[in-house]
Amino acid sequence: MAEIDNLTAPGNRDNPLVVDDSDTHEVLSVENRLNKIQLGLQALETRRLSKPINHNDIVKVEDDDAEYEEEVMNQDREDETVIALKNIIDLTDVIDLTADNDLSDQSIPTRRSPQRQLETFLDHHIREDGTILKTGMLVELKQKLLFGQYREDDIPHPIPGRIQADFVLIKSIVCTTSGEGVELRGWAYARARQMRAILVNKINEVCLVGAVDTSDPRSWEQQIVIPRIAPSQVRRVRELRHTNAAFPAYRFDDKDYLDMGRNWVENYGPLVCRFRYIEDYSNWSLKTNWNKPIEWSLTRLSEKDVPEKLRVSDETLVNQWRGGKIPGGSSIQDSPYGMIVDVEERLEGKATRALAPGQCYSAGDTFAGAGGASRGITDAGLKLLFAVDHWQSAIDSLAMNFPDTDLHTAEILDFITCNKVKYRVDILHLSPPCQYWSPAHTIEGKNDQDNIASLFACSHLIEKVRPRLFTLEQTFGILFPHHEMYFACLIQGFATHGYSVRWKLVNLAVYGLPQPRKRLIIIGAGPGEKLPPFPPATHAKNGDGGLRELTTARQALSKLHGLDENDPNKKPPMHNIRLYDRGRAHPQRNPEHSRWNPDKPLPRTITCGGGQNYHWTGERDFTLIEYALLQGFPVTHRFGGTGIKRQIGNAFPPSVVKVLYKHLTNWLDEQDGITPAMRAAADDEEGGYEFPPVAGPSNWFARGVVGRAGSSDTDTVRGSVEPLTPERYDIAGGIVDLTTGEVEAGGTKPIPFILEI
């Protein structure tokens, strides 16, 4: 990277610069934003307006994503980029790069088979016109690199088509012995306007783009290197600034824009990179999956990714965005034990004070429904501060299960605009309505506009609550090409607030759900926070990879075993069995419903109407409690109001949410320097973890404290208590046997525990 001397940051108090096209940073209403999207995104342009900056001598910069007609500059302009040669390097450093020579010269991200050849690494290369190319330089290419080749088929891609990369940061200059001459290798950068609208288009803002193979042991930095770029393809040398500062810091000087004009700035002004975009592929070497990414990420550069001159500390970013954070969780926001991080205080990876008794991470649930995500969040050990939904039946269900949570019966727009509602949570969940983007949605519905508006509300929710992390669950149909503009707007809204975002299509069966359920999951991390990965799979078909076998329908409903359906005191709720009556020949069996093997997952996804699923005997439908169990709810979760099957079918499965949020809290603990011993001590100060009351008849649920027998150091667990038999209970995923006092957890050796009832 070229050195930048005496650099000032355009956009600061001494050097003001307008950030946006309209220069009015007012918050758009969702309706206005929707209108703007519908009118403008035909050209893949989405914008967000912001509050005005009251500075003198502001220069208005017109940013748009129209294709820029490049000027052909004369030779004396090009000669100005030549750097004087000081040292001639002896070309004697010969290295065998067999292991790394597996990239091709085709469009990104294809690869070539490894070929053994000798390569000489050069410090620089002098072109015939006298231009000197050196490692660390950014060069603009005459011909664009095409990133992300996609077939035209029914495979969903969030960014169909190709991203065009104009620039390469030279990582190495290589002279090969194969007669191909000198080649450049480096990282590709695309202008923001080429990023298919997931970034706001701004002049000279660029994004690092790359693709990696998850089976390749090399780092992403090594894998994204583009090979075999001929020096003759270089148009000119450019200045690149990597920074984690928010836009417009370190942009080009507004004086250059005034004196030289837009065209000069675009062709010769400094370029600024604040994000990197990476696509993950599986088994790339097979050349069968190279055009089917399995995961995507848009990551804001961190302070470790940028030079010191252009760096803002992570703590400063956190403080500027949300007023700091409480390491270990903000569930007790007024606790004297909590430590607020501000711009003057750095943790250096370690917390310096003990956690308060009972301190944990806090969460909020929006579009909460019957509480699928809420149940998983609380089972993972977080404190649910609030939940919001506009459907009264869903609120009734939430009230029956979460009496200590603030519940808001409101349209999401009303919740966003209500100044009296103020929360700061560590993690926020969003499950906006998915019907409009569902593959089953083939005709226009009466709620389509409301559903679209709810999607655009997500970035406003992030702005209101400002969580450290967020999760979003949505149907995979939103990734189809004809919904590209909506998905791009969603991601852009998060990135505009400085959030890093990771998304993936996940079959929730890999997290223990006893049904095939393919969903889009998004994880976001706020300014100054590191973006967590997805949790590893816990289940696999046939137990491949040492994982558990997929959860079967029979296993899911085994939680009803030991309950007496004929005893009113022991009969579980919502379990009214009704046999089919389909005529004299088969009075108890629907001829269209054949028997199926219950020692496998459900054959179909559960929907609002059940998804055409039925009991494996073929003689009846599942009961409501059975549907709930198959959707990942504990047997103790209660449902109120009407449309219970719809409430169940719409829910984000709690068993999956529990896995996800336990993973995220562990991630936050690691970032905050909270050790498992510190976390256990915070729980033990109150004598262990006291399980909240669970719903159901009193003789088939437990409430008590779990601790290691014969030890003063209590091992606490978090989660719900569910009955399996009168003697065995499922406690937070571990099976406790009351007759032996042993707990079987995850297939590990039984550990003696005491359960005080």
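Trainee: How many helices and strands does the secondary structure of the protein come to?
Mentor: Keep in mind that this is a predicted model. The secondary structure of the protein comes to 16 helices and 28 strands.

Trainee: And what share of the residues count as buried?
Mentor: Buried here means under 20% relative accessible area. Of the protein's 757 residues, the share that passes is 55%.

Trainee: Let's get to helix H6. Why is H6 said to be largely enclosed by the rest of the structure?
Mentor: H6 runs over residues 314–322.
Mentor: The secondary structure comes to 16 helices and 28 strands.

Trainee: What percentage of its residues count as buried?
Mentor: A residue counts as buried under 20% relative accessible area. Of the 757 residues in the protein, the share that counts as buried is 55%.

Trainee: Why is helix H6 called largely enclosed by the rest of the structure?
Mentor: Go through residues 314–322 and pick out the buried ones: Asp 314, Glu 315, Thr 316, Leu 317, Val 318, Trp 321 and Arg 322. H6 is largely enclosed because the buried residues number 7 of the 9.

Trainee: Which elements do those buried residues of H6 pack against?
Mentor: There's a strand and a helix to look for. The buried residues of H6 pack against strand E13 (295–300) and helix H10 (448–465).

Trainee: What classes of residue make up the contact of H10 with H11?
Mentor: From H10 come Ile 452, Leu 455, Phe 456, Cys 458, Ser 459 and Ile 462, and from H11 come Tyr 486, Cys 489, Leu 490, Gly 493 and Phe 494. Sorted by class, that gives 9 nonpolar, 2 polar and no charged residues.

Trainee: Which members of the largest nonpolar core touch the most other members?
Mentor: That core holds 69 residues. Leaving aside neighbours within four places in sequence, one of them, Leu 298, is in contact with residues including Ile 198, Phe 275, Ile 491 and Trp 503. The members touching the most others are Tyr 277, Leu 298, Trp 503 and Ile 522.

Trainee: Which residues is Cys 434 in contact with?
Mentor: Leave aside its neighbours within four places in sequence. What remains for Cys 434 is Gln 474, Thr 475 and Arg 519.

Trainee: How far apart in space are Leu 145 and Ile 226?
Mentor: Leu 145 sits in strand E5 (residues 138–147) and counts as buried at 17% relative accessibility. Along the sequence, Leu 145 and Ile 226 are 81 residues apart. From C-alpha to C-alpha, the separation is 9.5 Å.

Trainee: And what separates the C-alpha atoms of Gly 641 and Ala 394?
Mentor: Gly 641 is in the loop between helix H13 (624–630) and helix H14 (644–650), and at 44% relative accessibility it counts as partly exposed. Not counting residues up to four places away in sequence, Gly 641 touches Ser 393, Asp 396 and Gln 647. Gly 641 and Ala 394 are 247 residues apart along the chain, and their C-alpha atoms are separated by 7.2 Å.

Technical notes
Residues numbered from 1 in each chain as written. Predicted model: local features only at pLDDT ≥ 70, side-chain atom pairs only at ≥ 80, totals over all residues. Heavy atoms only, no water. Buried < 20%, exposed > 50% of the residue type's maximum accessible area, 1.4 Å probe, protein only. Helix = DSSP H or I, 4+ residues; strand = E, 2+ residues; numbered from the N terminus. Contact = heavy atoms within 4.5 Å. Core = buried A, V, L, I, M, F, W, Y, C linked by side-chain atoms within 4.5 Å. Nonpolar A, V, L, I, M, F, W, Y, C, P; charged D, E, K, R; others polar.
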